[in-house]
Amino acid sequence: IARVVNKTFALHLNDEQINKAAWMGEKAVHGNPSGIYNMAAVFGGTFLFQRTKDSFFRKKIMLSGSLDVVIADSSKTSDTKKVIEQVACFKKQHTTSWKNLVEDYNQLVGQAQKALEQDDLVMLGFLMNENHEILQKLGVSCSELDAMVAYARRAGALGVKLSGTGQGGIIVALTPGKLLQDQVADSLQENGYMT
């Protein structure tokens, strides 16, 4: 929408300005979003992302090839504002657990960046699984997502995690190669999930 407004009204905004405008729209709808959706839509590619207060850090990660994934929809939606508030409440009520989970998460991010750069898909899959466990501990997952993760893992996915707000939405399964992609997609579809 920010790009369309920019073009329609000849505002001559650069990508950074379009990104900021898109993030302002996200904030209006979701309250306190991460900023990763607008960043991905504006800049694309694979990148390391971090938000601090009102600024974004983005570092492009070069891949040697493509990443084959299966994305599956739980058909369950959640309220982003509500989920963000629940995570903030967890942070206040469980300060030690929060600190430990953030440390674990930060380690995973560094390891995942290295795995991506080295094309180590086995390690990347392991780290995706670890990330999903952290999200479960934060209360961001739900029974539907956990069931989908289990189906994809049993079908051979190297790693599977929820993506997005959580408590509904989608999972992403790392599935190198068409055969594995089809196998994982079929398993999820057989269990009633759209891929």
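The model is predicted, so local features need pLDDT of at least 70 and side-chain atom pairs pLDDT 80 or more, while totals for chains, interfaces and linings use all residues. Residues count from 1 along each chain as its sequence is written, and side-chain values use heavy atoms, without hydrogens or water.

**Stop one: the helix pair.** Select α2 (15–30) and α3 (36–43). Helices are DSSP runs of H or I, at least four residues; strands are E runs of at least two, and both are numbered from the N terminus. The axes of α2 and α3 lie 9 Å apart, at an angle of about 145 degrees. Axes are lines fitted to C-alpha atoms over the stretch in contact, and angles run from 0 to 180 degrees between N-to-C directions. Now show D15, E16, I18, N19, A22, W23 and E26 of α2; they meet Y37, N38, M39, V42 and F43 of α3. Contact means heavy atoms within 4.5 Å.

**Stop two: the second largest pocket.** Select I1, A2, A21, A22 and N38, which lie nearest its centre among 14 lining residues. A pocket is an open set of points on a 1 Å grid over the protein atoms alone, where a 1.4 Å probe fits, with protein on both sides within 12 Å along at least five of seven lines; lining residues have an atom within 4 Å of a point. The largest share of the lining, 7 residues, comes from α2.

**Stop three: T175.** Go to the loop between β5 (170–174) and α8 (178–190). T175 counts as buried because its relative accessibility is 0%, and buried means under 20% relative accessible area (1.4 Å probe, protein chains only). Beyond neighbours within four places in sequence, T175 contacts D68, V69, V70, A157, L180, Q181 and V184.

Methods
Buried < 20%, exposed > 50% of the residue type's maximum accessible area, 1.4 Å probe, protein only.
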